[in-house]
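Here are my notes for someone opening this entry for the first time. Please read them with the structure on screen.

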Amino acid sequence: MRKIAIASMIVATLFTHAAAADQTLAMRSGCMGCHKADAKLVGPAFKDVAAKYGGEAGAVDRLAAKVKAGSTPGEALIWGTTAMPPSQASLDDIKGVLNWVMGMK
């Protein structure tokens, strides 16, 4: 029984560190300048993005390409009146942040 409890604590610690690491990646990538996890800032809350796109196949890849490119002049904006600038983060970092975002409830 003690081994199960210890194993559970280790798994919980790993998941907690993974979530913190992905939030750190979002901060380091510049995402947190316009987004918050649970409330609208300049852009939508990450939890709202997860609610809208979380069940879609290929959403991470599609959104990563959009984040990398930013909004195109003249395109209809989905989340408000502010266009998203192109991200300078690597595509792998963007996908890491989006995978974290998609796990939000």
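1. Start with Cys-34. Its relative accessibility is 29%, so Cys-34 is classed as partly exposed. Keep in mind that this is a predicted model.

2. How far is the sulfur of Cys-34 from the closest cysteine sulfur? The distance is 9.1 Å, and the partner is Cys-31. A disulfide needs the two sulfur atoms within 2.5 Å. The pair is therefore too far apart for a bond. The disulfide count is zero.

3. Next, look at Ser-87. This residue sits in the loop that runs between helix H3 (59-69) and helix H4 (91-102). Is Ser-87 buried or exposed? Ser-87 counts as buried, because its relative accessibility is 13% and the cut-off for buried is under 20%.

4. The surroundings of Ser-87 are worth a check. A polar atom of its side chain lies 3.1 Å from the backbone nitrogen of Ala-89. Leaving aside residues up to four places away in sequence, Ser-87 touches Ser-29, Val-67, Lys-68 and Ile-94.

5. Now the largest pocket. Its volume is about 800 Å³. The lining comprises 35 residues, and those closest to the centre are His-35, Pro-44, Val-67, Trp-79 and Met-84. Val-67 is also one of the residues that Ser-87 touches.

6. Which helices each supply at least two residues of that lining? Helix H2 (46-53), H3 and H4 do. Sorted by class, the lining of the largest pocket holds 21 nonpolar, ten polar and four charged residues.

Notes. Residues numbered from 1 in each chain as written. Predicted model: local features only at pLDDT ≥ 70, side-chain atom pairs only at ≥ 80, totals over all residues. Heavy atoms only, no water. Buried < 20%, exposed > 50% of the residue type's maximum accessible area, 1.4 Å probe, protein only. Helix = DSSP H or I, 4+ residues; strand = E, 2+ residues; numbered from the N terminus. Polar contact = N/O pair within 3.5 Å; in protein donor to acceptor, adjacent residues only side chain to side chain. Contact = heavy atoms within 4.5 Å. 1 Å grid on protein atoms, 1.4 Å probe; cavity = no way out; pocket = protein on both sides within 12 Å on 5 of 7 lines; lining within 4 Å. Points joined across faces, edges and corners; volume = space filled by probe spheres on them. Nonpolar A, V, L, I, M, F, W, Y, C, P; charged D, E, K, R; others polar.
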